[in-house]
Amino acid sequence: MAIKLSEIVKQKELLAGGHRMCAGCGAPIAVRQVLHAAPQDAQIVVSGATGCLAVSTAIYPYSAWQTSFIHSAFENASATISGIEAAYIALKKQGKIGKDFRFVVFGGDGGTYDIGFQALSGMLERGHRVLYVCYNNEAYMNTGTQRSGATPMGTWTTTSPYGKGSSGKTQNRKDLTAIAAAHNIPYVAQAAVHHWRDTVAKAQKAFAVDGPAFLNILAPCHRGWRYPMEKTIELSKMATEACIWPLYEVENGEWRLTGKVQNKQELRGYLKVQGRFSHLFKPENEGVIEQMQEFVDQQWEALLVRCGEK
Amino acid sequence: MSKSWDVSEISKWGWSKHPVGAVIPEPATTNRYVTGGWRSLRPILDLEKCVHCFICFIFCPDSSILVENEKMDGFKLEHCKGCGICAQVCPKNAIHMMNEAEALGLEQCLLPDDDKKDKKEDKSA
């Protein structure tokens, strides 16, 4: 079914305005795109892991959610929603609940890659029918930019500063989408906010499967990445074109590339526009960009092979 | 629970007036919270250029694109934070950003914008 914006605008808005995310933040864009893909006749229950999104959309006595929302701690959003889903199934069996409910978790990359990973892995393994969405801004932005497992190499953060003897984060990030796929769950995908049609299509598929689904959506953060706030969509696009954030999905174990890259851009151009990488352009750090490019190329080639493109 | 939970005097409430567990009894109460004051730039729509493609709608972080009868109908200014994403993504350049002070008719509050821009350019060069 074709996805049309003229149809989407008729739907109910499930994330209201007036929340206190920064102007130009990528996370609420990701949330809106996912929620516009939710089945219209179902009730949505959202669990939020601690992070920018949870703390700024649900500040007592205000909630931006048109859905049910339960605030969880960093590590247990998946465990919370697992319990809710299990209770729903039990109540449905007893005939105490008639409506169709769907369950979604929104966690940042800190709450997903690092702190909430154990609960997430457990939830995926137990097979709860939950959609887990990681809005990935590549660091702990809520507390002022600390490195996370999702931060790329070479990035400046407050806990991987640059200076004498340091050129930003020294480790490569882990590939959490592939790790989620290794749980052999029905649907795993990687998306980015600029490609709304792709993100909505992936979220629709994720809502349709009878089992756990995992979406990893790149949501640029202008405060932590250091770029002008109106460029959020452009940055997301550049990341995809530089193949540092490829778009793909894994449906029942089958890997498929969804964003065809016509013209693979050099990483340098993507790094140049962001303040968090500005130190890499000093002569003493030249080698780091090459190392990063090498890692990106290697990951991209491996992905092409996995997706049967090569 | 009543459909409109009145929180206007919440700072004066005693403990017993708050719902148990700080439950918010009504969805989307931020609809009543104004974030428009954060804005320093205001989006202005040129309806003649607009083709109602709704690209701005899907990229607005603040759910602030108004749609009326399947047509783009301007911006919800009480929530728009003026990030300028809509102006950036518009394929027809139908949206431009205007200084908020100017939009409010407070020209006397304007910063010497042109000077500032020149300085920025010097820095980057």
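Q: With which residues is Ser72(A) in contact, leaving aside its neighbours within four places in sequence?
A: Ser72(A) is in contact, meaning heavy atoms within 4.5 Å, with Ser47(A), Gly48(A), Ala49(A), Thr50(A), Ala77(A) and Thr80(A). The model is a predicted one, in which local features need pLDDT of at least 70 and side-chain atom pairs count only at pLDDT 80 or more, while totals for chains, interfaces and linings use all residues. Residues are numbered from 1 along each chain as its sequence is written, chains are lettered from A and ligands numbered from 1 in the order in which they are written, and side-chain values use heavy atoms, with hydrogens and water left out.

Q: Where is Ser72(A) placed in chain A?
A: Ser72(A) belongs to the loop between β2 (68-71) and α4 (77-93) of chain A. Helices (H or I, at least four residues) and strands (E, at least two) are DSSP runs, numbered from the N terminus.

Q: Why does Ser72(A) count as buried?
A: Buried means under 20% relative accessible area, exposed over 50%, and partly exposed in between (1.4 Å probe, protein chains only). Ser72(A) has 4% relative accessibility, and therefore counts as buried.

Q: What makes the pair of Ser72(A) and Ser47(A) a polar contact?
A: A polar contact is a pair of N or O atoms within 3.5 Å; within protein, one must be able to donate a hydrogen and the other to accept it, and residues adjacent in sequence count only if both atoms are side-chain atoms. The side chains of Ser72(A) and Ser47(A) make such a contact at 3.3 Å.

Q: How is the span of helix α8(A) set against the expected one?
A: The expected span of a helix is 1.5 Å times one less than its number of residues. Helix α8 (residues 196-208) of chain A has 13 residues and reaches 18 Å from its first C-alpha to its last, close to the 18 Å expected. Its buried residues include Trp196(A), Val200(A) and Phe207(A).

Q: How do you know that β9(A) and β10(A) pair?
A: Two strands pair if DSSP finds at least two bridges between them. Four bridges join β9 (residues 248-251) to β10(A), and the strands run antiparallel. Val250(A) stands opposite Trp255(A).

Q: What makes the pair of Glu70(B) and Lys10(A) a salt bridge?
A: A salt bridge is a side-chain nitrogen of Lys or Arg within 4 Å of a carboxyl oxygen of Asp or Glu. The closest N and O atoms of Glu70(B) and Lys10(A) are 3.9 Å apart, and the pair forms a salt bridge. The count between chain B and chain A is one salt bridge.

Q: What is the area buried between chain B and chain A?
A: Buried area is the accessible area (1.4 Å probe) that two parts lose on being put together, summed over both. Between chain B and chain A this area is about 3300 Å², of which carbon and sulfur atoms give 66%.
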